[in-house]
Amino acid sequence: MAKVTAPIMSFSASGQLGKSVVFFTHLGRNVVRGLVTPLNPKTLLQGMNRLLLAAYGRATRPVAEGGPWLTALRPVIPAGQTWVSMFVRRVFPQFSTPLDLQNAYVVHPNSVQFQLIADEMGLTPVTVPYAGEMSTLEGGAIIYTLAVFANQINQEYPGIWGTASPWNKILVDWDVTDINNFHQAIIATA
């Protein structure tokens, strides 16, 4: 039910009228608009995108703010973007479905090491039940996305993180030591 203050002068109103109009205050102004009831159809495509975005968001959690890895990355971040938005923007086109990401991750010769690191960091799997045949991404695949991004940036800006292992190799050639060095680089604090 809509509540009206000073109805003759119509100073303000709040609430909904029937199931069609809503009165509210926004930025100090009285506003009226049609009632919008959002839909959540939970389509297959929506589920796949939510699963990928959840994985990318979770991948950014272990990166140490102010650490040397992130500090070295800051100068190449495009104006108006955060490093997280740069990460998502660069990784999203590489994996159009969760299955693409999972396939790329499992064929890496040392994918088990990525999973061990994810377990050590407490990264739990991401699940979206309506995402299709691939509805869960494991922690190892989540960390792998960060490695894909780091490797891509290092190829574009050679030596951005130095020239030692793993930065002197392409991602498919990373061995257990390289993956551990990568892990230490992203979690290190200044």
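This is a predicted model: local features need pLDDT of at least 70, side-chain atom pairs count only at pLDDT 80 or more; totals for chains, interfaces and linings use all residues.

**Asp178.** I began by listing what Asp178 touches: skipping neighbours within four places in sequence, Asp178 is in contact with Ser165, Pro166, Lys169 and Asp173. Asp178 sits in helix H7. Is Asp178 buried or exposed? Its relative accessible area is 2%, and the cut-off for buried is under 20%, so I put Asp178 down as buried.

**H7 and its partner.** H5 covers residues 111-121 and H7 covers residues 176-187. I noted an angle of about 30° between them, with the axes 10 Å apart. Angles under 35 degrees count as roughly parallel, so that is what I wrote for H5 and H7. The crossing of H5 past H7 is right-handed.

Which residues make the contact? From H5 I listed Gln113, Phe114, Ile117, Glu120 and Met121. From H7 I listed Val176, Ile179, Asn180, His183, Ile186 and Ile187. Sorted by class, I got 7 nonpolar, 3 polar and 1 charged residues in this contact. The spacing along each helix made me recall a general rule: an α-helix has 3.6 residues a turn, so residues three or four places apart point the same way.

**H6.** Next I went to helix H6, residues 139-156. H6 has 18 residues and reaches 26 Å from its first C-alpha to its last. That is close to the 26 Å expected at 1.5 Å a residue. I then checked burial: 15 of the 18 residues of H6 are buried, so I noted H6 as largely enclosed by the rest of the structure.

**Val91.** I found Val91 in helix H3, which runs over residues 83-91. Val91 has 0% relative accessibility, so it goes in my notes as buried. Leaving out residues up to four places away in sequence, Val91 touches Tyr56, Thr145 and Phe149. I also took a distance: Val91 and Val22 are 69 residues apart along the chain, and their C-alpha atoms are separated by 40 Å.

**Val32.** My last stop was Val32, in strand E4 (residues 29-34). How accessible is Val32? I got a relative accessible area of 48%, which makes Val32 partly exposed. Ser14 is 18 residues from Val32 in sequence, and I have the two at 8.8 Å, C-alpha to C-alpha.

Note on methods:
Residues are numbered from 1 along each chain as its sequence is written. Side-chain values use heavy atoms; hydrogens and water are left out. Helices (H or I, at least four residues) and strands (E, at least two) are DSSP runs, numbered from the N terminus. The expected span of a helix is 1.5 Å times one less than its number of residues. Buried means under 20% relative accessible area, exposed over 50%, partly exposed in between (1.4 Å probe, protein chains only). Axes are lines fitted to C-alpha atoms, for helices over the stretch in contact, and angles run from 0 to 180 degrees between N-to-C directions. Angles under 35 degrees count as roughly parallel, over 145 as roughly antiparallel, 65 to 115 as roughly perpendicular and the rest as oblique. A crossing is left-handed if the near helix is turned anticlockwise from the far one by less than a right angle, and right-handed if clockwise. Contact means heavy atoms within 4.5 Å. Ala, Val, Leu, Ile, Met, Phe, Trp, Tyr, Cys and Pro count as nonpolar, Asp, Glu, Lys and Arg as charged, and the others, Gly among them, as polar.
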